[in-house]
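The questions below are meant for someone meeting this structure for the first time, and each answer works step by step towards a name or a value.

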Amino acid sequence: MTQVPRPNSAAARDVRSQLHPYTNPVLHEQSGPMVVTRGDGVWVEDERGDRYIEGLAGLWCTALGFSAEERLARVAYEQMRRLSFYHPFGHKAHVPGIDLAEALLAMAPVPMSKVFFCNSGSEANDTAIKFIRFYNNALGRPEKKKIISRLKAYHGVTVASASLTGLPNNHRDFDLPLAGILHTTCPHHYHGAAEGESPDAFASRCAEELEALIQAEGPDTIAAFFAEPVMGAGGVIVPPPTYFEKIQAVLKRHDILFVADEVICGFGRTGNPWGCQTFDLKPDMIACAKQLSSGYLPLAALMMTESVYEVIRDNAGRIGILGHGYTYGGHPVACAVALETLAIYRERDLFGHAAAVGPRLQARLRDLADHPLVGEVRGVGLIGGVELSRDKASRQPFDPAQGVGAAMTRHLHAHGVITRVIGDTVAFSPPLIITEEEIDTMVDRVARALDDTLAWCR
Ligand code: PLP
């Protein structure tokens with residue numbers, strides 16, 4: 001990855017032709033990409049034949065690993081041959097879309113009434129924002145439009161969903177966030193709590209700070225609150241146990257809709273089918289994507305309760321149309337693959353498997369807490385984070401200019417592990433099929449990468 005690419009290599013052609021997301025383009029021109037050529041199970045291989053454990057399931061998505069089972073490929077092939085494209089616009093429908101909508105409603109963590117298909121998590125959250133506007137206009141409360149999400153949240157990168165995202169690099173020089181999208185306290189006890197403040201007291205303070213923001217803006221102006229059950233791309237932040245109970249009480253008091261962003265947590269990641277079940281959330285809308293199709297084809301869904309649906313239905317009925325929809329939303333091939341993916345999850349009890357092996361990942365990661373570089377280890381189910389710290393006692397992060405995160409990434413690669421270092425946190429979200437032995441192999445390698453990074457720092 002760090003060698004200068006040969007002129008006609010895939011790496012050189014890549015540098016000449018692609019602008020990469022979430023990449024420093026100046027460094028990329030110097031180093032070129034890691035060209036990943038194949039995968040099997042939790043492993044991927046680069047063009048040099050080096051093999052890596054994929055500790056993040058790609059981008060938190062390939063629950064079934066990196067080579068689709070024959071039956072998934074066959075379902076995609078057969079759907080393409082039968083009906084390669086259709087759409088749900090203008091009173092049309094296709095059977096894979098109908099079947100998948102039914103399957104999602106049947107497994108939803110709280111009663112949901114309708115599914116609206118999109119292609120990405122960003123689109124699902126964007127759609128939620130638009131529907132919430134539509135809903136409040138229909139209810140004759142045009143001033144109830146502001147939306148609250150949280151600092152360090154990740155909800156996507158479209159103009160509106162990037163505004164929900166609470167990370168500086170998604171706003172800086174993009175002229176975001178949009179007006180009317182506000183951010184409240186991040187529920188990260190390790191950094192946010194005052195000296196001696198218990199997780200419960202900290203959760204109460206988070207709820208009080210939300211209440212204070214709502215009061216400052218005017219409760220009649222706040223339409224919705226968005227939250228991931230576990231914050232993923234913001235650094236794998238697990239809220240204190242009583243956090244959501246207190247937050248939901250505030251939302252209820254002010255008639256504020258709750259959108260649960262299950263894009264990472266949905267489909268077994270936290271040890272239950274949904275993060276909503278792990279944290280007892282009662283949302284009005286749920287956005288999901290990623291593991292919905294094991295990441296094999298782009299697909300996302302937004303579910304809504306009957307009471308939200310009724311208002312949208314009646315307003316669109318008055319206007320004569322619901323003026324929203326994506327050409328590829330609910331693509332029949334993606335829906336067919338997602339349905340088969342859900343069938344595989346069920347038949348192989350993969351959510352049960354994730355719940356069974358999750359404690360091994362948590363225990364093995366927690367063993368790293370004594371390492372001199374590690375400040376905090378956190379996680380639940382098959383999602384975990386290991387935060388590097390300059391100073392354990394003061395919980396001081398490293399100066400980003402030191403490049404410790406990049407050094408850790410290099411050392412992880414050298415030991416055959418791919419994951420993402422987000423700020424100072426090494427994130428883990430392996431495919432749900434991972435075995436306890438593979439968890440051990442991965443964490444052993446991470447421990448060696450930590451040692452190498454410590455030696456590099458000194
Ligand atoms: N919501 C959450 C919680 C996510 O983690 C992501 C992506 O990582 C998104 C939304 C955006 O999804 P996409 O990248 O498919 O637009």
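Predicted model: local features only at pLDDT ≥ 70, side-chain atom pairs only at ≥ 80, totals over all residues.

Q: Does Lys-290 count as buried or exposed?
A: Lys-290 lies in the loop between strand S9 (285-288) and strand S10 (300-304), and its phi is near 40°, a positive value in a residue other than glycine. The cut-off for a buried residue is 20 or more other C-beta atoms within 10 Å. Since Lys-290 has 28 C-beta neighbours inside 10 Å, this lysine counts as buried.

Q: Which helix gives the largest share of the shell around the ligand?
A: The ligand is surrounded by 15 residues, and the closest are Ser-120, Gly-121, Ser-122, Gly-156 and Val-263. By type, the residues of this shell divide into 6 nonpolar, 7 polar and 2 charged. The largest share, 3 residues, comes from the helix that spans residues 121-138, namely H6.

Q: Which are the edge strands of the open sheet formed by 4 strands?
A: The sheet has mixed pairing, and its strands follow the order S1-S2-S3-S13. An edge strand here pairs on one side only, and this holds for strand S1 (36-40) and strand S13 (417-418), so that the edge strands are S1 and S13.

Q: What is the bridge partner of Arg-38 in S2?
A: Strands of a sheet pair through backbone hydrogen bonds, either parallel or antiparallel. S1 and strand S2 (residues 43-46) pair in the antiparallel sense, over 4 bridges. For Arg-38, the bridge partner in S2 is Glu-45.

Q: How are H5 and H13 oriented to each other?
A: Helix H5 (residues 95-107) and helix H13 (residues 332-347) pack with their axes 8 Å apart and at an angle of about 40°, and their crossing is left-handed. Angles under 35 degrees would count as roughly parallel, and those from 65 to 115 as roughly perpendicular. The orientation of H5 and H13 to each other is therefore oblique.

Key
Residues numbered from 1 in each chain as written. Helix = DSSP H or I, 4+ residues; strand = E, 2+ residues; numbered from the N terminus. Buried ≥ 20, exposed ≤ 12 C-beta atoms within 10 Å, placed from the backbone. Near = placed C-beta within 6 Å. Nonpolar A, V, L, I, M, F, W, Y, C, P; charged D, E, K, R; others polar. Pairing = 2+ DSSP bridges. Axes fitted to C-alpha atoms, helices over the stretch in contact; angles between N-to-C directions. Parallel < 35°, antiparallel > 145°, perpendicular 65-115°, else oblique. Left-handed = near helix turned anticlockwise from the far one by under 90°.
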